[in-house]
Amino acid sequence: MDKILIHGGHPLSGSIKVSGSKNSALPILAATLLSREPCVVHGVPDLSDTHYMLQILAHLGAQVERASGTVSVTADKVESVAPYDVVRKMRASVCVLGPLLGRCKEATVSLPGGCVIGDRPIDLHLTGFEALGAAVRVEGGDVKVFAPKLTGAVINLRGKFGPTVLGTDNVMMAAVLADGVTVIEGAAQEPEVVDLANFLNKMGAKIEGAGTRRVIIEGVPTLHGAEHTVIPDRIEAGTFLVAGAICGKAVTVKRVEPEHVRSVTDALTRCGFPIDIADHSISISPNGEAKALELITEPYPGFPTDMQAQMCALLSTSDGISVVTENIFPQRYMHVAELKRMGAQMQLEGATAVIQGVDRLLGAQVMASDLRASAALVLAGLKADGITEVSRVYHIDRGYEHLDEKLSELGAQIERVKG
Ligand code: EPZ
């Protein structure tokens with residue numbers, strides 16, 4: 001297993017281009033199953049998660065071709081059973097359920113296991129499918145859905161932790177070929193949901209209201225092929241902005257939609273960092289010490305849970321006491337124990353982390369656990385005195401396209417050690 005070594009204390013400067021969004025590319029690639037005709041998707045990031053999704057599509061019978069960031073998919077013949085040995089590697093593979101149900105009127109996918117950020121239920125997805133007329137069975141670790149026909153319905157997809165992103169995606173993708181109109185109440189508003197809806201509409205779907213809590217889908221008989229470029233990855237953009245805050249002289253992220261990272265730039269502004277926003281780029285400058293912050297994660301447009309760990313790394317060396325509350329995945333604190341090994345002073349109280357800023361962090365051997373916690377450890381290593389060794393970096397490779405190379409371009413002393 002590869003490791004990443006970071007020699008801390010080297011200031012970052014310069015600019016990086018943000019890659020295409022992982023969380024947009026995955027459901028859009030799944031949506032290509034809804035048409036027999038060729039689809040072309042540009043800006044697909046080079047990640048293990050996107051590779052897994054392409055493997056699943058190929059296993060399901062689609063012809064898949066990839067040329068750097070452009071993927072062509074033709075699903076003129078499709079099986080309805082997703083292969084366990086690939087599905088088990090990536091929880092997001094659950095988003096093939098919706099398109100398979102819409103296209104084949106049946107689907108079998110192995111249930112996504114839990115992961116380190118907590119239990120990952122799909123009850124809301126299944127409730128949505130049942131509302132459209134599907135029968136749902138869970139047996140032998142698989143979820144099977146079957147519908148003689150799909151009929152539009154009014155569906156509330158709001159759960160106790162708020163809207164579900166992939167649940168909204170899945171129900172949208174099942175409803176586009178249903179008879180009649182489906183209304184999703186309590187829909188997720190994330191930009192990635194809007195990007196998927198835009199792709200589906202290019203395929204001939206009739207979806208209105210994506211990006212609001214109420215999405216209306218008028219079913220159509222078939223969908224044709226389409227070409228699309230996925231939106232920039234707002235979480236990668238936010239991660240690099242935090243890198244610029246932690247140890248930057250002047251860092252600019254390019255090819256970003258500023259509106260998609262508004263809650264992150266607002267938080268960094270509250271921390272005291274000067275932020276300069278242009279049409280498709282954002283620059284951050286140092287301000288001495290970051291100010292302490294009270295941070296609460298919420299569904300979009302609130303502060304994203306996927307940026308919580310990165311902000312904990314920044315706040316660990318800020319002045320004063322910060323309080324971070326995680327409302328989406330209350331257990332999403334795998335990074336805290338590792339940051340404490342680097343000298344951070346943090347206490348967990350349920351879903352809240354109380355962070356006492358310290359003058360400095362010390363390099364240490366730390367272990368990556370989930371995608372964003374791993375990024376947080378790299379960010380802390382940029383700031384720490386000495387060398388930080390992050391193991392199990394395959395977690396990082398799931399969701400960040402060449403993170404170490406991009407940080408090197410900004411002046412970080414960082415190297416990947418093949419293991
Ligand atoms: C998506 O996961 C993202 N993944 C996650 O990003 C992101 O953290 C999450 O949305 C929240 O924004 C992809 O898009 C591939 P949810 P998703 O359904 O859709 C509960 C990353 O780091 N829930 O919006 O699986 C759930 O337990 C990843 O890139 C139910 O209770 O998350 C959670 O508490 C990590 N029942 C909350 O809702 C359900 O049926 C939000 O989950 C579904 C979800």
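Contact here means heavy atoms within 4.5 Å. The model on screen is predicted.

**Stop 1: helices α1 and α7**

Select residues 22-31, which form helix α1, together with residues 191-202, which form helix α7. On the α1 side, the residues in contact are Asn23, Ser24, Pro27, Ile28 and Ala31. They meet Glu192, Asp195, Leu196, Phe199 and Leu200 of α7. Sorted by class, this contact between α1 and α7 has six nonpolar, two polar and two charged residues.

Now turn the view to look at the two axes. Two packed helices are described by the angle between their axes and the distance between the axes. For α1 and α7 the angle is about 30 degrees, and the axes are 9 Å apart. Angles under 35 degrees count as roughly parallel, and α1 and α7 are therefore roughly parallel to each other. Their crossing is right-handed.

**Stop 2: helices α4 and α6**

Next, select residues 97-104 for helix α4 and residues 165-175 for helix α6. The axes of α4 and α6 come within 7 Å and cross at roughly 10 degrees. This pair, too, is therefore roughly parallel. To see the contact, show Leu97, Gly98, Pro99, Leu101 and Gly102 from α4, then Asn170, Met173 and Ala174 from α6. The contact of α4 with α6 has five nonpolar and three polar residues, and no charged ones.

**Stop 3: the ligand**

How many residues surround the ligand? There are 24, and the closest are Asp123, Leu124, Thr164, Asp306 and Ile328.

- Arginine 120: a polar atom of its side chain lies 3.1 Å from an oxygen atom of the ligand.
- Aspartate 123: an N or O atom in its side chain is 2.8 Å from a nitrogen atom of the ligand.
- Leucine 124: a polar atom of its backbone is 2.7 Å from an oxygen atom of the ligand.

**Stop 4: two loops**

Go to the loop between β17 (294-296) and α10 (308-315), where proline 301 lies. What kind of peptide bond joins tyrosine 300 and proline 301? The bond is cis, with omega about 10 degrees.

Finish at the loop between β22 (387-391) and α13 (394-399), and select arginine 392 there. Arginine 392 is not a glycine, yet its phi is positive, at about 55 degrees.

Technical notes: Residues are numbered from 1 along each chain as its sequence is written. This is a predicted model: local features need pLDDT of at least 70, side-chain atom pairs count only at pLDDT 80 or more; totals for chains, interfaces and linings use all residues. Side-chain values use heavy atoms; hydrogens and water are left out. Axes are lines fitted to C-alpha atoms, for helices over the stretch in contact, and angles run from 0 to 180 degrees between N-to-C directions. Helices (H or I, at least four residues) and strands (E, at least two) are DSSP runs, numbered from the N terminus. Angles under 35 degrees count as roughly parallel, over 145 as roughly antiparallel, 65 to 115 as roughly perpendicular and the rest as oblique. A crossing is left-handed if the near helix is turned anticlockwise from the far one by less than a right angle, and right-handed if clockwise. Ala, Val, Leu, Ile, Met, Phe, Trp, Tyr, Cys and Pro count as nonpolar, Asp, Glu, Lys and Arg as charged, and the others, Gly among them, as polar. A residue is near a molecule or strand if one of its heavy atoms lies within 4 Å of it. A polar contact is a pair of N or O atoms within 3.5 Å; within protein, one must be able to donate a hydrogen and the other to accept it, and residues adjacent in sequence count only if both atoms are side-chain atoms.
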